[in-house]
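Visitor: I am new here and would like to look around. Could you show me what we will be talking about?

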Amino acid sequence: MTTRQTSSRVAALFVMVSLVAFVASACGSDASPATSGSQRPAPSAVGSAGSSASTDPQAELVAAAEKEGSLTTIALGHDWCNYGEAITTFTTRYAITLNELNPDASFADQLAAIKAGKDTKDPQAPDVVDVGLAFAASAKKNGLLAPYKVSTWDSIPAAAKDPDGIWYGGYYGVLAFETNKTAGATPPTDWADLLDASHHLQIALAGDPRVSTQATQTVYAAALANGGSLDNAKPGLDFFAKLQKAGNLVASIATPDSIDVGSTPITVRWTYNALAHRDRANGTPDIDVTVPATGRLAGLYIQAISASAPHPNAAKLWMEFLYSDEGQNIWLKGNCNPIRFEDLSARSAIPADVVANLPDTADAVFPTLDQLNAATTLITQGWNSVVGVDIR
């Protein structure tokens with residue numbers, strides 16, 4: 001993962017926790033998700049700058065976007081979710097120059113840049129953003145985002161999009177078990193397996209659940225598999241209390257280095273983080289990534305267009321590209337589940353070699369912001385009294 005995905009994004013998440021009780025999902029320690037497709041859908045009429053009907057809406061949008069000639073992005077590191085290939089493909093196909101602002105910008109930085117551009121009418125302000133759920137909700141509330149429904153709108157799950165088209169999930173990760181098999185650890189297949197005596201002092205969290213989004217949501221996911229629900233995260237705390245009592249929980253934060261050397265051979269991380277680590281390791285050590293059979297929790301990254309975008313048509317064309325089969329498969333090659341994953345799978349629109357490289361993430365659930373807020377409050381405030389382990 002780039003610096004943007006580590007320090008900047010995590011820091012932004014923690015800042016927002018104090019403002020809105022919970023920030024975005026899907027941010028973790030390291031990741032370097034890696035990279036294709038071929039389809040060009042017609043854009044939705046929604047938000048199409050009031051243009052008249054055309055027999056070829058795609059051509060109309062392309063012409064308008066190429067007339068603008070530029071698109072300004074922010075916080076898109078090329079090694080994150082394969083954005084490098086997405087950017088190259090887009091700029092090669094269209095006569096549009098991409099102006100890339102700070103690739104390490106946090107969620108808060110992105111919204112601040114939009115607001116500053118709105119206030120100053122800066123022609124190089126960001127046209128689009130890639131942020132967390134809480135930040136998208138905040139930006140909508142403050143009138144910073146413009147509505148636009150892409151042509152593939154209907155295949156985006158309802159739980160992952162604003163009904164008015166203000167924002168929509170682009171890609172997501174699912175919490176998974178990452179195991180160093182070379183260190184002698186047996187990969188668990190479900191949450192109950194973590195309690196087995198064979199995992200004595202092998203299980204570590206990828207952060208402190210009192211402050212780390214990834215770790216907090218790990219506890220939340222455990223709740224789903226142990227009698228809890230999206231509205232009841234308490235069983236997750238009870239499960240980790242059992243894990244601690246069994247002597248299986250390590251009181252240190254798992255990192256790629258600690259996983260590699262075997263001091264924290266089993267951890268729980270977002271699939272894009274774990275798969276990126278597996279790919280980089282290339283068998284040395286032998287890293288296994290398995291999504292648990294139950295308690296499959298997804299975390300979203302949101303795409304949206306600035307309400308004051310200097311290049312609104314180029315922004316819409318960018319969204320059409322990202323949400324086409326081609327754009328979705330580019331994200332998937334970078335180990336980030338595209339939001340239209342189920343639709344692509346149902347139509348066999350994912351290359352076989354890509355599917356073979358991925359763990360099963362079917363039926364993962366997407367909590368609402370209110371549910372995330374409630375779960376985060378319960379877990380961060382109850383960890384000390386229920387589990388009583390100082391993770392550091």
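Visitor: Why is Phe240 called buried?

Guide: Buried means under 20% relative accessible area, exposed means over 50%, and partly exposed lies in between (1.4 Å probe, protein chains only). Phe240 has 1% relative accessibility, so Phe240 counts as buried. Before we go on, please keep in mind that this is a predicted model, where local features need pLDDT of at least 70, side-chain atom pairs count only at pLDDT 80 or more, and totals for chains, interfaces and linings use all residues. Residues are numbered from 1 along each chain as its sequence is written, and side-chain values use heavy atoms, with hydrogens and water left out.

Visitor: How many aromatic pairs does the structure hold?

Guide: There are 23 aromatic pairs. Rings of Phe, Tyr and Trp (its six-membered ring) pair if their centres lie within 6.5 Å; planes under 30 degrees apart count as stacked, over 60 as edge-to-face and the rest as tilted.

Visitor: What makes the pair of Tyr171 and Trp331 tilted?

Guide: The centres of Tyr171 and Trp331 are 5.0 Å apart and their planes make an angle of 55°.

Visitor: What makes the pair of Phe239 and Phe240 edge-to-face?

Guide: Their planes are 85° apart, with 5.6 Å from centre to centre.

Visitor: Which phi value does Ala75 have, and where does Ala75 lie?

Guide: Ala75 is not a glycine, yet its phi is positive, about 65°. Ala75 lies in the loop between β1 (70–73) and α3 (83–93). Most residues other than glycine have a negative phi, and most peptide bonds are trans. Cys81, also in the loop between β1 and α3, has a positive phi near 55°.

Visitor: Which residues does a cis peptide bond join?

Guide: Thr284 and Pro285 are joined by that bond, with omega about 0°. Pro285 sits in the loop between α9 (271–281) and β8 (287–290).

Key
Helices (H or I, at least four residues) and strands (E, at least two) are DSSP runs, numbered from the N terminus.
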